[in-house]
Amino acid sequence: MAYASINPYNEKLLKTFPETSDLEIESLLQKGHQAFCAWRQSTFSKRTEILHKTASLLRENKKKYATLMAQEMGKRLCEGEGEIGVCADICDYFADHLASVLKPKKITPLIPEEGKATLYPTPQGIILLIEPWNFPFYQVFRVLVPQIAAGNGVLLKHAPNVPQCAAIMVDLFQKAGLPEGVFQNLYTANHQTETLLKDRRIQGVSLTGSTGAGRIVASLAAKHLKKSILELGGSDAFIVLEDANLQKAAKWAVLARHSNAGQICIAAKRLIVMEEVYDEFLGLYRKEVSKLRAGNPLDPETTLAPLASKEALHRLQKQVECAQEEGVTVESFNLKIPSQGFFFSPLLMTGLEGKNIRHEEFFGPVTHLYCVHSHEEAIQCANDSEFGLTGSIYTQNEAKGFEIAQQIQSGAFFINHPPFSRPNIPFGGSKNSGYGRVLGPDALLEFMNLRIINFMDINAPPMM
C-alpha cells in the first residue's frame with residue numbers, strides 16, 4: 001500500500017512516501033515509550049501551555065493547512081479553514097478542562113470504617129490512532145488532543161492518500177513545544193496493524209473508518225486485550241415533517257448532503273419526507289442542488305468539490321450501477337462537471353423500498369429519498385439501517401420533534417439543524433456505527449487506568 005499525495009482536482013502526483021518497515025516500527029515504539037515515560041510526569045500547566053500554543057499556531061496558519069487539504073484530498077478552502085478552526089477549539093477546550101477532569105478525586109466511603117479512597121486517572125502508554133482522509137486534521141485532533149492532554153503517547157496511522165497532512169501535524173505539535181516522540185506518524189501497511197496492537201507498549205486503539213475495517217481492528221484489539229474505540233459508517237436520516245419550514249429544510253438538506261463532496265459520516269444520506277409536503281420539498285431540493293458549482297477547491301466560487309481519490313470515485317460508481325440493476329430509479333441534475341479530476345455529479349435515488357442497496361452507505365453526493373405516510377413510518381424508515389450515527393428532523397412542533405428524536409436509534413439526533421460536533425459534546429455512534437466516545441470531558445478518561453488507592457487505619461477491622 002503506497003502512501004501518495006494525488007491532487008483530486010487535476011490528478012497530479014504531488015509526493016510519495018515509503019512505507020514504514022517493521023524495523024522502523026520497533027524504533028518508533030521504543031522512542032515513543034521513552035517519551036511517554038517522561039510525558040506522563042509532565043505537569044497539567046505544561047500540557048495546557050502546549051495545547052494553547054498549538055491552537056494559536058493553527059489559527060495563525062489556517063490558510064496554509066487548508067490549502068494542503070485542498071491539494072491532497074480535494075476539500076474546499078473555506079471548509080478546510082473551518083476544520084482548522086474546530087481543531088484549534090478542541091485544543092483550547094482540553095487545555096482548559098484537563099486539570100479538573102484528571103485531578104485525583106476523593107471517594108466517600110459507604111461506611112467510615114472502609115477508609116479513605118482516592119481515584120487517580122493514570123495514563124497507560126501509547127495509543128494507536130487509525131484515521132481516515134475525509135477530515136485529515138479534525139479526525140486526528142479529536143482523539144489525539146485528549147490523549148496528549150491525559151499524558152498518553154500517540155502513534156498515528158493516517159490514510160494513505162493524506163501523508164503530507166499526517167507529517168505536518170507532527171511538525172505542528174513539535175513547534176508548539178510537545179516533546180519529540182510523544183506524537184509520531186508512521187506509514188504502515190494494513191497487515192502491520194497487528195504488529196502494533198500486539199506490542200505491550202501500545203495500550204489501545206481508536207479507529208475511524210468503515211464497518212469492515214472496524215470489525216478487523218476490534219477483533220485484533222480484543223485478541224491482544226487492548227481497548228478500542230470505533231467510529232464507523234453512517235447513513236443518517238433527515239426527516240421532514242408536514243409542518244416543517246420547507247425552504248429552510250431544503251437548503252439544509254443540500255448542504256448536509258453535499259458538503260465535503262458528500263464524504264461525511266454524518267451527512268444526510270437518507271431524506272425521509274412526509275407525503276403531504278413531499279412534492280413541494282422535492283421541487284425545492286432540486287432547485288437548491290442545481291445551484292451547486294463544481295470546480296477547483298481553491299476557488300471560492302466552488303461549492304461542489306471532487307471526491308478524494310480515484311478509488312472513491314470508482315467505488316461510488318459501482319454502487320450506483322448495483323442500485324440500477326436492482327431497479328432503483330436514479331435521477332441526475334445535469335450540473336456542469338469538469339472533465340478532469342475525481343468529480344461525481346450529484347444523483348437522487350427513489351424506489352429504494354425493499355432493495356438491498358438501501359442498506360449501503362454511499363460516501364459521496366448520492367441522496368436516497370423516501371416518501372412516508374405517517375410519523376410511525378418515518379421512524380421505522382429511519383431505523384431501517386445497520387448504522388446509527390446521527391440524524392436530524394425538521395418540524396415547528398418542538399414536542400413532536402423531541403418525541404420522534406427519542407425513538408431514533410443513533411448516537412445523537414438534531415432538531416431543525418444538520419448534525420455537527422463541538423469539543424465539549426461527546427461524539428459517537430450506535431449499532432454498526434461503532435462504540436465509545438470522542439470529545440467531551442470523558443474523552444480524557446477513555447484510555448486511562450482509573451486507579452484506586454485506599455488508606456485504612458491499621459487498627460480497622462478486616463473488610464471481607
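Which backbone oxygen does the side chain of Thr302 reach? The views below are of a predicted model, in which local features need pLDDT of at least 70, side-chain atom pairs count only at pLDDT 80 or more, and totals for chains, interfaces and linings use all residues. Residues are numbered from 1 along each chain as its sequence is written, and side-chain values use heavy atoms, with hydrogens and water left out.

**View 1. Thr302 in the loop between α10 (278-289) and α11 (310-325).** The side chain of Thr302 reaches the backbone oxygen of Asn296 at 2.8 Å. Thr302 is buried, at 1% relative accessible area (buried is under 20%, exposed over 50%, partly exposed in between; 1.4 Å probe, protein chains only). Leaving aside residues up to four places away in sequence, Thr302 touches Arg76, Arg293, Ala294, Gly295 and Asn296 (contact: heavy atoms within 4.5 Å).

**View 2. Cysteines without a disulfide.** The count of disulfides (pairs of cysteine sulfur atoms within 2.5 Å) comes to zero. For Cys87, the nearest cysteine sulfur belongs to Cys91, 7.2 Å away. Cys87 is buried, with a relative accessible area of 0%. For Cys371, the nearest cysteine sulfur is that of Cys381, at 10 Å; Cys371 is partly exposed, at 24% relative accessibility.

**View 3. Crossing of helix α2 (residues 44-60) and helix α6 (residues 163-175).** The two axes come within 8 Å and cross at roughly 125°, which means that α2 is oblique to α6 (under 35 degrees is roughly parallel, over 145 roughly antiparallel, 65 to 115 roughly perpendicular, the rest oblique). Leu51, Thr54, Leu57 and Leu58 of α2 make the contact with Leu172, Phe173 and Lys175 of α6.

Terms used
Helices (H or I, at least four residues) and strands (E, at least two) are DSSP runs, numbered from the N terminus. A polar contact is a pair of N or O atoms within 3.5 Å; within protein, one must be able to donate a hydrogen and the other to accept it, and residues adjacent in sequence count only if both atoms are side-chain atoms. Axes are lines fitted to C-alpha atoms, for helices over the stretch in contact, and angles run from 0 to 180 degrees between N-to-C directions.
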